[in-house]
2 protein chains.
Amino acid sequence: MKVIVIGGVAAGMSAASKLKRLMPESEIVVYEKGEDLSYGACGMPYYISDVIGEESKLVARTKAQFEEKGIRVRVNTEATGVDTEKRAVTLKERPSGETYEDVYDKLIIASGAGAIRLPVEGRESKRIHVVNTLEDSRNLKKALNKPDVKDVAVIGGGFIGIEMVESIREMGLNAHLVELENQVLPGYDKDMMEHVRKSLEDHAVSLHLEEEVTAYEEKDGRIIVHTKTTSFGVDLVIEAIGVRPNTGFLKNTPVERIKNGAILVNDRNETSVRDIYAAGDCATVYHRLKSSYEAYIPLGTHANKAGRVIAEQISGSDKRFEGVIGSSVLKAFELTVAKTGLTEKECKALGIDYGSISVKAANQAGYYPGAKPVFIKLTYDTHTCNLLGAQMVGEKGVGSRINIFATAIWNRMSAEAVSDMDLAYAPPFSPVWDTVQIATNQIKCQRSDSHEK
Amino acid sequence: MKVIVIGGVAAGMSAASKLKRLMPESEIVVYEKGEDLSYGACGMPYYISDVIGEESKLVARTKAQFEEKGIRVRVNTEATGVDTEKRAVTLKERPSGETYEDVYDKLIIASGAGAIRLPVEGRESKRIHVVNTLEDSRNLKKALNKPDVKDVAVIGGGFIGIEMVESIREMGLNAHLVELENQVLPGYDKDMMEHVRKSLEDHAVSLHLEEEVTAYEEKDGRIIVHTKTTSFGVDLVIEAIGVRPNTGFLKNTPVERIKNGAILVNDRNETSVRDIYAAGDCATVYHRLKSSYEAYIPLGTHANKAGRVIAEQISGSDKRFEGVIGSSVLKAFELTVAKTGLTEKECKALGIDYGSISVKAANQAGYYPGAKPVFIKLTYDTHTCNLLGAQMVGEKGVGSRINIFATAIWNRMSAEAVSDMDLAYAPPFSPVWDTVQIATNQIKCQRSDSHEK
């Protein structure tokens, strides 16, 4: 069996590696558009700020290591088309520009996503960077370390934007952050993000909320960022306004895609075309809480899991991708910001009858030295009393604790059921009712289907 | 309605407080044998070592605060008997020795547990302490701070023993630790506790494993600890060999107790006698994984939950105590030691067809600075593939992460289902497959009831 994998980062390489383990006799060829393979893209902001010194640390496995296992790898080779009848992929090599075809029995598309760029005047300036690939990060790191770079504007206050702002401040540079919405991290509820806003201000980040960039202008060796209401000059701009699936090469195929171009897959990671699978940032994921196959949440965790599912499926097992629930966490200076499940915003948009509570608790027994506040917001279904979502912000005890909520929500537990659980306790690690239970204890919910409760 | 509560610490006071909120018109009287109310007993080792400076920090609520809410509290008053026919409790006041009776409509027994003492010669020495009550801790703190105290022996390598050894070393004193078994923390598997043993040795604790104390002897202002194989002199001894339920006053009642004296309760925390409830260290708990009502696991977390169940039951709701699964965590110097569910030892004893795996993972992305190893051992049912237990030891990322396992085991998830979950990830907090999933990924289990998997 001949398997072609388009894309050599998280989803593609986990699919290829797992498949080779499961079916050692299969022929696997990976085509990667860029130069780099199998790297931890989530670590790039920390590589840029030199928190992680060497680039090689981000690389899980090298080309040589894959080839040693019997996986053929072609870098600098972009898929430019697929003929689903002929079962052939058209490929284009860099820098030669040479094109050729390769045929498959099974095709795994893991082509990732590219940075969305603002369609404004001046966008072609060399002073504007993105943080999409390891190559981008390498270039950006070099640029940020030039001695004349002092002021940096980050456009977009999502995950990458916030992480980059932290990185920039870590490097001793001045940071502007421009965000279209009236809050940072628009995937979270605004009330919870006030803690982050305050922290950014405490770290002297110039925050421009509800601001839209209208143009860039190179001037006197700087770049001027023009927004609807103001203009300011910086030495370098980082755009981090989101990504778009790299699926243009499927234009003339029957492979079904959703509006943003992401390949629609089922829970076997099958596309609409037989023997073509997709996973990672180029594909949709099943959202358990929204019961939707059309969720687009490009994260490395999903890419790794979905990649394995494809390998299992091709090898004959009926392993499924069990879905996502919107879990995420990030470091924003001293704060940890995390969520799982549905925010209040999402509950509203979905028309769910929800309740929500907000609680300030602590990460450990209040009397044990070093206790820090943890701010928690929960959403729950007012009919079933099941937890729907959790958001947490705090300096300590958030990073793993969010995953207690994730596990509870994954299992469709009610708030009361969470409070009933036997969670491990000692004063240095939690209050006697764990922080998560202090929050669930505040939910007074009477199941409509029960007279006893 | 007149409610008598015997015992004024965790279970008693949470029952009394909750009941007063639910039934403000009820008459509630709490009789507490000691002087102190509603204190966090789990914090006592840290109070003793002065990590927690003031004793008052351990106290959740004072007598005055309870009385303000309308709960009558009598301290220094011990229950010496119960007449279940007359519905009367016999009480004895300290220091007067005066006795009297009080009658109840509902009786809540939360009399706690007392330190088991070694039945050996010399046991009456004033140099031997226990860490059972706040009063004990106060006395011990005073004694440890005497200038001539340099060497301390701790007898018993359980939770309190380990925490006390750490406290003693924190205070700059020399520590001996004597344990009957061939490992510390016998509630955990021996292989996992090798990490703790090593840490104790690194902190210059003189470890005496598989040693039995045979006698104490006061000599030249010191106390000699004689064991089966050796003798050594110290200035002070702390016995921490376990506790026994304070239920002697029920001797002549039909209130059913298990072998160690713990009051047998059902999941409503009802005893075998109508209108008498029990909770906390004097009572049993339902063990979900052992399907047994006869578990004895005296922990503050269970006491608080069970206390509330009693209040709910008395007020007319059918709230149940949903059981325990053996979750615990403790700090042992720089290590966090945690478990939930069944150890290998317990699986063996229960005759379960189990498998087990041991994994060394990290608390965060390996490339992010400061990553530390986390040692994990999992047990699972070889028929259902459900996780049965998890033990973790590491310097970072263990305290809350154990509760991801606890939540998974509570929900009877299989190892595979844990690996499938959407857990929040960012490099400073976890590997891309969370530490718990790195472990569950190692379990290759084929359900015997399924042909597909």
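Helix α5(B) is followed by G172(B), a residue whose phi is positive, near 85°. The structure is a predicted model, in which local features need pLDDT of at least 70 and side-chain atom pairs count only at pLDDT 80 or more, while totals for chains, interfaces and linings use all residues. Residues are numbered from 1 along each chain as its sequence is written, and chains are lettered from A and ligands numbered from 1 in the order in which they are written.

Helix α5 of chain B covers residues 159-170, twelve in number, and reaches 17 Å from its first C-alpha to its last, close to the 16 Å expected at 1.5 Å a residue; the expected span is 1.5 Å times one less than the number of residues. Helices (H or I, at least four residues) and strands (E, at least two) are DSSP runs, numbered from the N terminus. Ten of the twelve residues of α5(B) are buried, so the helix is largely enclosed by the rest of the structure, where a buried residue has 20 or more other C-beta atoms, placed from the backbone, within 10 Å of its own. Among these buried residues are F159(B), I160(B), M164(B) and I168(B). The buried residues of α5(B) pack against elements of chain B that include α2 (44-48), β10 (151-155), α6 (190-202) and β21 (328-332), and two residues are in contact if their C-beta atoms, placed from the backbone, lie within 7 Å.

Helix α2 of chain B contains Y46(B), which is buried, with 27 other C-beta atoms within 10 Å. When neighbours within four places in sequence are left aside, Y46(B) is in contact with Y368(A) and P427(A) of chain A, and with V51(B) and I52(B) of chain B. By contrast, 27 Å separate the C-alpha atoms of Y46(B) and A16(B), which lie 30 residues apart along the chain.

The contact between the two chains takes 54 residues from chain A and 54 residues from chain B. On the side of chain A that touches chain B, the elements giving two or more residues are α7 (300-314), β21 (328-332), β22 (335-341) and α9 (402-410) of chain A, and the largest share, seven residues, comes from α9(A). By class, this side of chain A has 29 nonpolar, 15 polar and ten charged residues; Ala, Val, Leu, Ile, Met, Phe, Trp, Tyr, Cys and Pro count as nonpolar, Asp, Glu, Lys and Arg as charged, and the others, Gly among them, as polar.

Within chain A, the domain assignment gives domain 1 (2-114 + 243-314), domain 2 (128-239) and domain 3 (328-440), with bounds that come from an automatic or database assignment. The centres of domain 2 and domain 3 of chain A, taken over C-alpha atoms, are separated by 30 Å, and the contact takes 13 residues from domain 2 and 16 residues from domain 3. On the side of domain 2 that touches domain 3, two or more residues are given by α5 (159-170) and by α6 (190-202) of chain A, and α6(A) provides the largest share, five residues.

Chain B also holds an open sheet of three strands in the order β4-β5-β6, with antiparallel pairing, two strands being paired if DSSP finds at least two bridges between them. The edge strands are β4 (77-83) and β6 (99-103) of chain B, each of which pairs on one side only. Six bridges join β4(B) to the antiparallel strand β5 (residues 88-93) of chain B, and V82(B) stands opposite V89(B) in β5(B).
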